[in-house]
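Here are a few exercises to work through with the model open in your viewer. Try each task before you read its solution.

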Amino acid sequence: MMHDMLQQATDNAMAMGPTVLLQGMQLRRPIDVVRAPALSVDDRRTILAAWASDLYAIDSKPALRQLPGTPEPVSIDDVQSALKELDRRYGI
């Protein structure tokens, strides 16, 4: 029983992923994450890195990514561009 509860908690956390950091924010595109003043640089990087991961790839279109809670898929190129912009802004 305890194992089942832990597994369910793990599954829920995986399903939510970085969207926990996005709650209450209206972020539609990866560049919105870069511009979000309420997020730390580390949180921005975490969200964008997760968005770029294969976990959020669209099955039939692997060049597209969609985080839970975002209105539509975006291209991996948009995510990578936002990561580069984050690096540029903060000298990373």
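The protein chain has five helices and three strands (both are DSSP runs numbered from the N terminus, with helices being H or I of at least four residues and strands E of at least two). This is a predicted model, where local features need pLDDT of at least 70, side-chain atom pairs count only at pLDDT 80 or more, and totals for chains, interfaces and linings use all residues. Residues are numbered from 1 along each chain as its sequence is written, and side-chain values use heavy atoms, with hydrogens and water left out.

**Exercise 1. Describe the chain as a whole.**

Step 1: write down the order of elements. Along the sequence, the pattern reads α-α-α-α-β-β-β-α.

Step 2: look at burial. Of the 92 residues in the protein chain, 27% are buried (buried means under 20% relative accessible area, exposed over 50%, and partly exposed in between, with a 1.4 Å probe and protein chains only).

Step 3: check the contacts (heavy atoms within 4.5 Å). Taking those between residues at least 6 apart in sequence, 48% join residues at least 24 apart.

**Exercise 2. Work out the sheet: what is the strand order, and which strands are at the edges?**

Step 1: find the order. The three strands make an open sheet, ordered 1-2-3, with antiparallel pairing. Strands of a sheet pair through backbone hydrogen bonds, either parallel or antiparallel. Here, two strands pair if DSSP finds at least two bridges between them.

Step 2: pick out the edges. Strand 1 (57–58) and strand 3 (74–75) are the edge strands, each pairing on one side only.

Step 3: take the pairing of strands 1 and 2. They are antiparallel, over two bridges, and form a hairpin with two residues between them. Ala-57 has Arg-65 as its bridge partner in strand 2.

Step 4: turn to strands 2 and 3. Strand 2 (residues 61–65) is joined to strand 3 by two bridges, again antiparallel. On this side, Arg-65 stands opposite Val-74 in strand 3.

**Exercise 3. Characterise the packing of helix 4 against helix 5.**

Step 1: get the geometry. Two packed helices are described by the angle between their axes and the distance between the axes. The axes of helix 4 (residues 41–52) and helix 5 come within 9 Å and cross at roughly 160° (axes are lines fitted to C-alpha atoms, for helices over the stretch in contact, and angles run from 0 to 180 degrees between N-to-C directions).

Step 2: name the arrangement. That angle makes helix 4 roughly antiparallel to helix 5 (the term covers angles over 145 degrees).

Step 3: list who is touching. Helix 4 contributes Val-41, Arg-44, Arg-45, Leu-48, Ala-49, Trp-51 and Ala-52, while helix 5 brings Ile-76, Val-79, Ala-82, Leu-83, Leu-86, Asp-87 and Tyr-90.

Step 4: sort them by type. The contact has eleven nonpolar, no polar and three charged residues (Ala, Val, Leu, Ile, Met, Phe, Trp, Tyr, Cys and Pro count as nonpolar, Asp, Glu, Lys and Arg as charged, and the others, Gly among them, as polar).

**Exercise 4. Compare two residues of helix 5, Leu-86 and Glu-85.**

Step 1: find its partners. Skipping neighbours within four places in sequence, Leu-86 is in contact with Val-34, Val-41, Arg-44, Arg-45 and Leu-48. The C-alpha atoms of Leu-86 and Arg-44 are separated by 8.1 Å, though the residues are 42 apart along the chain.

Step 2: Beyond neighbours within four places in sequence, Glu-85 is in contact with Ile-31 and Val-34.

Definitions and conventions. Parallel < 35°, antiparallel > 145°, perpendicular 65-115°, else oblique.
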